[in-house]
Amino acid sequence: MTETLSPSRTRYGVIVFAVMLGIIHYIDRVCFASLAPVIQTDLSLTKQEMKWVFFAFSMAYALFEIPGGWLGDRWGPRRVLLRIVIFWSAFTALTGAVWSWVSLIVCRFLFGMGEAGGFPNITKMFSLWLPQNERGVAQGITWLAARWGGAFSPLLVLGVSSFAGWRWTFGIFALLGVVWVVAFALWFRDNPKNHPKVNAAEVALLAEAHKNMGGHASIPWKRLFTTRSVLLLWLYYFCISYVWYFYITWMPTYMAEALKMDMKDPLSAALGGAPLFLGGIGCFVGGVMAKKLAKGGSVSRPRRRIGVLGMLGAGALIFVAARLQNPTLVMLAMGFSGFFNDLSIPCAWGACGDIGGKLAGSVSGSMNMMGNFGGALAPLAVVWILDASNNNWNIPLYVAAATYGISALCWMFIDSDERLA
C-alpha cells in the first residue's frame, strides 16, 4: 500500500526572507527620522529645509512603486529584489557621507527609489510560493516584523549612534541589507519547482499559485484605472500613509516640541516607537482574523469588516490623543491608533494579490505608489498647518483623524473578489 506523500514546508522559507527584509526596510527608513534632529543641527538646516528632505524620499518611493512591481511581474522577484536591496543599502551607507542640504536630498531620493520595489515584490513572491489562504497571514507576519523593526529602531539607533556617531550608524545598518542579499541569492528561486527541497506534494499544493508565474510586457492601464476596488485601495492607502508618515518623519520633533519629552531618554525613545510596535501586532491580528472569519469561504467580506473597524478605531484614538495632556497617555493613544491602523494592512496587500493575479506586483505597487504620494504630502502639510495655526500641534492630529474617516468609507466598498484580468 502506497503512502500519500505529505507536502514539504519549504514554502515557509519565503516568509522568513520577507520578515527579515521587512525589518531591514523599516530600520533603514526609521533610522533617518530618529537621527533627523541631530542631522538638522549638524548640517545647520532649518525645519523648512528638512521638510524637503523628507519629501524627496517619499516622492521617490511613490514614483518608483509601479516600475518596481512591474519589473517583479516581468522578470520575477529574485532578480529585482537582489538588485534593489543592494541599491538602497548603498544609499543608506552614503547618507552618512552627506555634507550639504542638496547632497542629503539627492541621497534620500535615490534611497527611496531603491526601497520602492520592496513590498510589491514581497507580494509577488507570496503569490508564487503560497496558496491563497496562507497569503493574508504571511502579509500579517511580514508587516508585524516590519513595524517592529521600525518600533525598535529609535532604541537601536540611540545605542549605535552613542558610540559610532550618526554618520557611521548609517554604514552599520547598510550591512544588514548586504547579508540578506547573499542569503537570498543562495536560497530563493522564482519557481518553487526549481527548489531542491520542494517535494511533489508541495508543488501540487501550489498549483493555483502557478498561474501567477510568467513575465508580462505591459500593464493594462485602462483596466487599472477603471477597476473600482483598485481605485478605492489607492484612496484608502493615500489617507493612511498620510497619517503614518507623520510617525516616521515629524514624530520625534512633535514629542520634543509639543510634549516636551527628552528624546535622548530611553523611555521617550520607546514611546516614540509605540505606534509601530502596536501596529505590528495589529498587522498580525488582522491577517489571522481575516482567515478565521472567512472559514474556507471568500475573504472579501471579512477584510471589509476589519478595514472599517480599523479605520474608525484609528481615527477615534488619534482624536483622543489630541485632547489629552499627559505625554505618556498621548503616546499610548497614538500607539493604539497604530494598532487599529494596521489591522487593515494585510487585508489591503492580500486584496492586491488576489485582484492582480499575474499582475500582483503591479497592483500592489500602484497602491503603495498612491499611498506614498500621501506620505510625500504629509511632511509638507504638517509644516503648512503648523505655520497657519501658530505652531498648534493638535491641528495636524485632527486632520489625521479626518483622513481615517475617508479610509473607513473606502473599505465599505472594496471587494477582494474583483479581478483586474
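How much space lies in the second largest cavity? About 90 Å³. A cavity here is a set of points on a 1 Å grid over the protein atoms alone where a 1.4 Å probe fits but cannot get out. A volume is the space filled by probe spheres set on the points, which are joined across faces, edges and corners.

## Basis

This is a predicted model: local features need pLDDT of at least 70, side-chain atom pairs count only at pLDDT 80 or more, and totals for chains, interfaces and linings use all residues. Residues are numbered from 1 along each chain as its sequence is written, and side-chain values use heavy atoms, with hydrogens and water left out.

## Cavities

The structure holds five cavities of 30 Å³ or more. Helix 1 (12–42), helix 7 (132–187), helix 11 (228–248) and helix 18 (360–388) each supply at least two lining residues. Helices are DSSP runs (H or I, at least four residues), numbered from the N terminus. Helix 11 gives the largest share, five residues. By class, the lining has eight nonpolar, four polar and two charged residues. Ala, Val, Leu, Ile, Met, Phe, Trp, Tyr, Cys and Pro count as nonpolar, Asp, Glu, Lys and Arg as charged, and the others, Gly among them, as polar.

The second largest cavity is lined by residues including Arg29, Phe57, Arg108 and Tyr245. Helix 1, helix 2 (47–63) and helix 11 each give two or more residues to this lining. Helix 2 provides the largest share, four residues. Seven lining residues are nonpolar, two polar and two charged.

## Pockets

A pocket is an open set of points with protein on both sides within 12 Å along at least five of seven lines. The largest pocket holds about 560 Å³ of space. Of its 29 lining residues, Ser34, Leu35, Pro37, Pro252 and Met263 are closest to the centre. Helix 1, helix 7, helix 11, helix 12 (251–257) and helix 13 (266–272) each give two or more residues. Helix 1 leads with seven. The lining divides into 19 nonpolar, seven polar and three charged residues.

The second largest pocket has a volume of about 300 Å³. Among its 19 lining residues, Gln132, Asn133, Ala294, Gly297 and Val299 lie nearest the centre. Helix 7, helix 14 (274–294) and helix 17 (345–356) each contribute two or more. This lining has six nonpolar, seven polar and six charged residues.

How values were computed:
On a 1 Å grid over the protein atoms alone, a cavity is a set of points where a 1.4 Å probe fits but cannot get out, and a pocket is an open set with protein on both sides within 12 Å along at least five of seven lines; lining residues have an atom within 4 Å of a point.
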